[in-house]
Amino acid sequence: MSTTSYNSNPILRAWYDKETRSVIVQVIAMAIILAFFAYVINNAVINMANLGKDISFSFLWQPASYDINQTLIEYSSRSSHFDAMIVGLINTLLIAAAGIVLSTIVGFILGVMRLSNNWLTQKIAYVYIEFVRNVPVLLHILLIHGFIIYSLPRPKQAINMGDTFFLNNRGLQMPSADFQPLFWAVTATFVIGLSFAIWYRRYAKKLQDTTGKISPVWTISFIAVIVAPLAIYFLLGSPIEWDVPALKGFNFKGGMVIRPEFIALWLALSLYTAAFIGENVRAGIMAVSHGQTEAAHALGVSSSRTLRLVVIPQALRVIIPPLNSQYLNLTKNSSLAIAIGYMDVVATIGGISLNQTGREMECMLIVMAIYLILSLLISAVMNWFNDRIRLVER
Amino acid sequence: MKLINKVFTGLAMTAMAAGVAQASTLEDVKAAGELKCVVSTGVAGFAAPNADGVWEGFDVDFCRAVAAAVLHDANAVKFVPTTGKTRFTTLASGEGDILFRNTTETLSRDVDLKLTFLPVNYYDGQGFLVPASLGVTSAVELDGASVCIQTGTTTELNLADFFRTNNISYEPVAIETNEEGLTNYVAGRCDVYTTDVSGLAATRSKLDNPADHVVLPDVISKEPLGGAVRHGDDQWADIGKWVVNALIAAEEMGVNSKNVKNLASSAEGKLPAINRLTGAEGEMGAMLGLSSDWAVQAISAVGNYGEIFERNIGVNTPVGLSRGVNAQWKDGGILYAAPIR
């Protein structure tokens, strides 16, 4: 960089230097941002003091005094606000995880359909994507929830599926598993099978690298992971007791239930996000030049292997970064849950607890911190994955 | 969306709270020429816009009475609709000057949320609305039922306590707004809808066939509903308090919207208590920082307590509530206004 001095004044000289100038500008910008936040925080603290309010998190250990319908951990109205927050957080994690899985599957299918040579298939995906992504997600949530609670029958007229599954507008009632002592054998078989499958996969790759021989990896893995544990399970005389739901009074008792609120939120978030992911996938696949496919075919590689080993690994490099944003959007959009009464972290600590305790500032800080941490975690995982599939330059 | 809403409320609170703490609310309201009144997003009979978009209802009339007493114009009110969750933040941030929103007076709200409650204007309690076809006659028969609740109220706590102490189970379905709660109830997602009995009567009046639904006789809590203002401005709290008292006292003394202006020439005009109310005697208005005819303005604008009740939620309205405990103490109720003296 040029270090020619135009002036004897050291400050001006520093300013005329491109590198020094950029440092100065960055320092000033940072100082302004910090000053702004300091002012806002200070102002908030002073104003809360003027209103006679302090910032205290001790309310977290008081009894919450309200009930939550979907609790994956032990919780009652005698539990603390902190427990209510954890219950809400787990519900948020559940919807985010389930949503990410379904939206990815549907999104990939949509993306491939969009590129199909079949006119009908291609247009169906096109119309779906254009309709779904141009309607706000809150409307999807309310629409699907309304559809479920209005169109499905009430508990007494529930759709009976073999006396074990019951579908009605209170959700899908299904048997819950009560594991008997002998069940450990099944779990052990599964773990051993999984380890074997992983080892075999590596072995098969090495074998192919050295001899060019292709082994039936998928069949062997399937037998090790699925068939073997099932065989052990039936051999031991099915060591699971099923708690089957039965209609009693107003509702079904026993078993477990997937509530309409969960189903509606899950479907709405997944189908909405899938429309965006579909476009990402299409962009990714189109970014791989057709010459790659032709080259693979010329080498005698089969079509399915071309897709799996040539096209997709290269397409993923384009797909993963925007996919990360879609996962973050899905997770944050799950905060719309309260509209239909799904008890996520916003509905518990950021909703009922906030209202009962009147600690708006504290509750909102907690909710913001939770979403920030969740988003950073998702980003970290996706960045790690992105690094793994990155083009290795030699 | 709610989150964004709350963040903005928080920012607004940050920006405005300094002003709130220092200046007098009365001066602010006079300077603005309008009263910002925090009401609900729509509860039939209590606060809801009519077909012409004009706000009407029991709570709305109390807002109008305060505006009439302070600004001599019952229409100088800006209604700020809030959900159960946002109401106190809205009031605390200065986006509202006074709150009339079916709000239960409790210790923690009074002390910890820094509110000053005005006299109770409706004595209520939490009840249950069920379809008549269920054949339920008492709330203790509701074992295993799904119960729809509007969040952001004292309702969740009463409900949890009631079911726990009676050793019966239930599935709570907590919904953000009254409308969405009603949708869930109508669709049969819940067997029961619960909120204050007055709210249930209002909700029932909006159903297609109100006769198919019954409010169970069990009342599981005490819900004294009243207006509220922020802590720290006693003059403004006094104004709210005595406007409510004046409306209740007016009914007790037989003063109503029709006769209040002609009292001076009638026989009742000789009674000192009535003269103090109308400002013909004493300095009541000046003590409050208002004009001497403050109560006359309020009563002529919306009527006395009885008129407000009958017009909005009385037996001849779709809501159809009887006075019950909300009758004057002379008539066997518990409405008892402190004397204006």
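Which residues of helix 8 of chain B are buried? They are Val197(B), Ser198(B), Gly199(B), Leu200(B), Ala201(B), Ala202(B), Thr203(B) and Arg204(B), where buried means 20 or more other C-beta atoms, placed from the backbone, within 10 Å of a residue's own. This is a predicted model, in which local features need pLDDT of at least 70, side-chain atom pairs count only at pLDDT 80 or more, and totals for chains, interfaces and linings use all residues. Residues are numbered from 1 along each chain as its sequence is written, with chains lettered from A and ligands numbered from 1 in the order in which they are written.

**Helix 8 of chain B**
- Helix 8 spans residues 197-206 of chain B, and 8 of its 10 residues are buried. Helices (H or I, at least four residues) and strands (E, at least two) are DSSP runs, numbered from the N terminus.
- Its buried residues pack against strands 5, 6, 7, 10 and 11 and helix 7 of chain B, a contact being two C-beta atoms, placed from the backbone, within 7 Å.

**Sheet of chain B**
- An open, mixed sheet of 5 strands has the order 4-1-5-12-6 in chain B; strands pair if DSSP finds at least two bridges between them.
- Strand 4 (77-82) and strand 6 (115-124) of chain B are at the edges with a single partner strand each, so one side of each has no neighbour in the sheet.
- Strand 6 and strand 12 of chain B run antiparallel, joined by 7 bridges; Tyr122(B) stands opposite Leu225(B).

**Chain A**
- Chain A contains 12 helices and 8 strands.
- Of its 394 residues, 31% count as buried.

Key: A residue is buried if 20 or more other C-beta atoms lie within 10 Å of its own, exposed if 12 or fewer, and partly exposed in between; C-beta atoms are placed from the backbone.
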